[in-house]
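Dear colleague,

Please find the structure below, which I am handing over to you. My notes on the findings follow it.

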Amino acid sequence: MGISGGIAAYKTPTLVRAFIKQGAEVRVIMTPSSKDFVTPLSLATVSQNPVFSSFISEDQDNPLWNNHVEMALWADYMLIAPATSNTLSSMAQACCTNLVLAAYLSSQCKVFVAPAMDLDMYSHPANQKNLETLSDYGVVVLPTEEGFLASGLLGKGRMMEPESIIAFMEKDIYKTLPLKNKKVVITAGPTQEAIDPVRFIGNNSSGKMGFELAKRAADLGAEVILISGPTNLSIKHVNIKLEQVVTADQMFESSKKHYVDASVFIASAAVADFKPDNNATQKIKKGTGFDQINLLPTPDILAYLGKIKKDQFLVGFALETENELENAKGKLESKNLDAIILNSLNDEQAGFGGNQNKITYLQPNVNPISFELKTKQEVAVDVFDQILLKYEKLS
Ligand code: C5P
């Protein structure tokens, strides 16, 4: 967020706080004159990030260059609010005299501006022309609001109110997201199959891969149902509904219910393949002896969904230790999947519990695509890039 020097800058801490409440990460840069209206300390406190306003860090014996390029490339979206006549004019002319302008000129992301000016200044043809120029460059110009202006005049030119800015940007961003109005269902984590009220059969799945996939799908605009077995993870995203289950049978019921109107279903859960056939209602005592657990198979959720598939895009995971590609291809076919993601336990640092994964993405009649070892967050991006390549053609 870039702040320039208009009186409306006093509203920016409220704006930053509202972005953070919506789950955004915010980094603030300021023009030097905006510091007359709002303090960097307030903005650093509410944004939970350092605030920069010059090309070099000011209060150091060894001055540091504040990398405007890195800041600009870090952002998914940039908002300049308030955007003054001076700042808008400089933006339109590629005039790079402060950090906000430098970051804007280096940005690759979508940029929004919230103009704030006095009535006559706003309607001056030079300003209207600059707004038109910026609009032609792809900048989204937020409308100004009518009301009392700092000059005492009444009219158009007030910066949009913080909550309206958020609503406007959300609407604008949402309409460009590729999975808007689509339901994406993801299974995650382990399941636990009770032996008695205190013991169970489980596995080491952390659920991290599934949770990252859910976040990515939500960021792409999908309504996400995350069906998760017991994990230590929590998730807070307006587009994600978490359904917590314990057993494979419960995961099966929940999956069937949500599959009907799903566009994409990803089975990343490590579902137990067997459950004890007779789970004791009381804790089995050490003294009574306990030398055998009879096991029954659990439902293969993914195979069932493959059988009843209509137009859902169905993706599975395969965790293999031998003949990896061959086994994964076998599952792709036998479970009637649109894609399967192979992660091998033979790859060091990758897989189950950790934060990283190394995957190969397989589809019918296409050469497998192998990715490097990456964080699970990055893997989730790769997975949805692949899904969207195919899915956009289908829908
Ligand atoms: O056949 P296998 O268990 O190796 O297949 C793994 C894939 O099948 C994963 O996507 C996993 O989530 C899914 N699966 C399932 N239900 C089971 C077992 C596995 O959905 N009972």
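Which helix and which strand each supply at least two residues of the shell around the ligand? They are helix H11 (301–307) and strand E16 (313–320). Helices (H or I, at least four residues) and strands (E, at least two) are DSSP runs, numbered from the N terminus.

Before the details, please note that this is a predicted model, in which local features need pLDDT of at least 70 and side-chain atom pairs count only at pLDDT 80 or more, while totals for chains, interfaces and linings use all residues. Residues are numbered from 1 along each chain as its sequence is written, and side-chain values use heavy atoms, with hydrogens and water left out.

**The ligand**

The ligand is surrounded by 13 residues, of which Ala 267, Ala 269, Pro 299, Phe 317 and Lys 331 are the closest; a residue counts as near if one of its heavy atoms lies within 4 Å of the molecule. By class, seven residues of this shell are nonpolar, two are polar and four are charged. Here Ala, Val, Leu, Ile, Met, Phe, Trp, Tyr, Cys and Pro count as nonpolar, Asp, Glu, Lys and Arg as charged, and the others, Gly among them, as polar.

A backbone N or O atom of Leu 302 lies 3.0 Å from an oxygen atom of the ligand. For a polar backbone atom of Phe 317, the distance to a ligand oxygen atom is 2.8 Å. An N or O atom in the side chain of Lys 335 is also found 2.8 Å from an oxygen atom of the ligand. The protein buries 86% of the 450 Å² that the ligand exposes when taken alone (Shrake-Rupley method, 1.4 Å probe).

**Aromatic pairs**

The whole structure holds three aromatic pairs, meaning rings of Phe, Tyr and Trp (its six-membered ring) with centres within 6.5 Å; planes under 30 degrees apart count as stacked, over 60 as edge-to-face and the rest as tilted. One of them, between Tyr 77 and Phe 112, is tilted, at 6.5 Å centre to centre and 55 degrees between the planes. Tyr 77 lies in strand E3 (residues 77–83) and Phe 112 in strand E4 (residues 110–115), so this pair ties together parts that are 35 residues apart in sequence.

**Backbone features**

Strand E3 also contains Pro 82, and the peptide bond from Ala 81 to Pro 82 is cis, with omega near -10 degrees. Asn 323, although not a glycine, has a positive phi of about 40 degrees; Asn 323 lies in the loop between E16 and helix H12 (324–334).

With kind regards

Terms used:
A polar contact is a pair of N or O atoms within 3.5 Å; within protein, one must be able to donate a hydrogen and the other to accept it, and residues adjacent in sequence count only if both atoms are side-chain atoms.
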